[in-house]
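Work through these exercises with the model open beside you. Try each task before you read its solution.

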Amino acid sequence: MSQSNFSRPGAVDLSSLRKPAGAPGAPGAPAGGAAGGGPAGAYVLEVGEANFQSDVIERSLQAPVVVELYSPRSQGSNALGAVLAQLSTEYAGKFLVARIDVDANPQVAQAFGVQAVPTVIAILRGQPVPLFQGVLGEPEVRQYLDQLLTVAVANGITGRAEPVGPVGEAAEEEAPNLRYEQAENAVAAGDLDGAIAAYEELLKETPNDAEAKSGLARVQLVKRTQDVPADVRTRAADNPTDVEAQLLVADVDLMGGHVDDAFARLISTVQATSGDERNAVRLHLLELFEVVGADDERVVKARRRLMAALF
């Protein structure tokens, strides 16, 4: 199984799937219905070539659409589909899942350059963002989705998808977690300062709240990368001890999905600096660990390398 790094929108050409205005296209059906036969969910659609424009491209203007390219012949596809359906319900509209049967829709598979199933790609404002290929467990999929939502906020996509299928008894009975509501509403409104303040208030009450820590780190990352100087990468290349430039380039790399590059840059900067500067780089790296997730294999490896660099 191989996994692709998270990248910024635009890596795949979807122009062949865009239909002119007024072109016929059947409306999407919730997965698990007659069209799909796969994992069902309130935020899961079965999509084909005919309705790709209306149910993927157009919906991606409001909220991220996670496209799962699968084959009904693949047991792994069914397993991953169930994980995505479960998480889409848990995230309650922060993204929509569009399942595409590559056997029935070869043009879509060709447009995405699918080499194996399952393959998962997100669409943000009509632009593709490669996520991963192969079957992952729920924790790993969650990390990719959290990173996707960070990139979505950075690109001004803060809306929520409307349910496309029945919510289900379990979801109806589950009370929403209101603890993070203020912070999440601020993010949705594009108020990054308000979201930061809300997360910081939560951490004052409960310093070990992992979700609040991760949310704060993600929003701070988005804010730091809003206005990046054009020459920052040149500055970083010319001066390995320019801490400000190294930190910002690492932030940009992380936002672009180049996680290992971001971590390697900061570990090298730790080795090249000392005193307060070195500690500032160390703390910044720990914050990026929060963004990616403590259980991520890349974070685990980078922690070992950081310890070796420090001691």
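## Exercise 1: a covered strand

Strand 5 (residues 119-124) is mostly covered, with six of its six residues buried. Buried means under 20% relative accessible area, exposed over 50%, and partly exposed in between (1.4 Å probe, protein chains only). Strands (E, at least two residues) and helices (H or I, at least four) are DSSP runs, numbered from the N terminus. This is a predicted model: local features need pLDDT of at least 70, side-chain atom pairs count only at pLDDT 80 or more, and totals for chains, interfaces and linings use all residues. Residues are numbered from 1 along each chain as its sequence is written, and side-chain values use heavy atoms, leaving out hydrogens and water.

**Task.** Sort the residues of strand 5 by the way they point, then find the strands that pair with strand 5.

**Solution.** 
1. In a regular strand, side chains alternate between the two faces of the sheet.
2. Thr119, Ile121 and Ile123 point one way; Val120, Ala122 and Leu124 point the other way.
3. Strand 3 (residues 65-70) runs antiparallel to strand 5, joined by five bridges. Two strands pair if DSSP finds at least two bridges between them. Here Leu69 has Thr119 as its bridge partner.
4. Strand 6 (residues 127-133) is also antiparallel to strand 5, over six bridges. Ala122 is partnered by Val129.
5. Strands 5 and 6 form a hairpin with two residues between them. Arg125 in that turn has a positive phi of about 50°.

## Exercise 2: an enclosed helix

**Task.** Check the span of helix 10 (residues 243-255), and state what covers its buried residues.

**Solution.** 
1. The expected span is 1.5 Å times one less than the number of residues.
2. For the 13 residues of helix 10 that gives 18 Å, and the end C-alpha atoms are 18 Å apart, which agrees.
3. Helix 10 has 11 of its 13 residues buried, so it is largely enclosed by the rest of the structure. Among them are Val243, Leu247 and Asp251.
4. The cover includes helix 4 (138-154), helix 8 (210-224), helix 9 (232-238), helix 11 and helix 12 (275-292).
5. Just after helix 10, Gly257 takes a positive phi of about 90°.

Terms used
Contact means heavy atoms within 4.5 Å.
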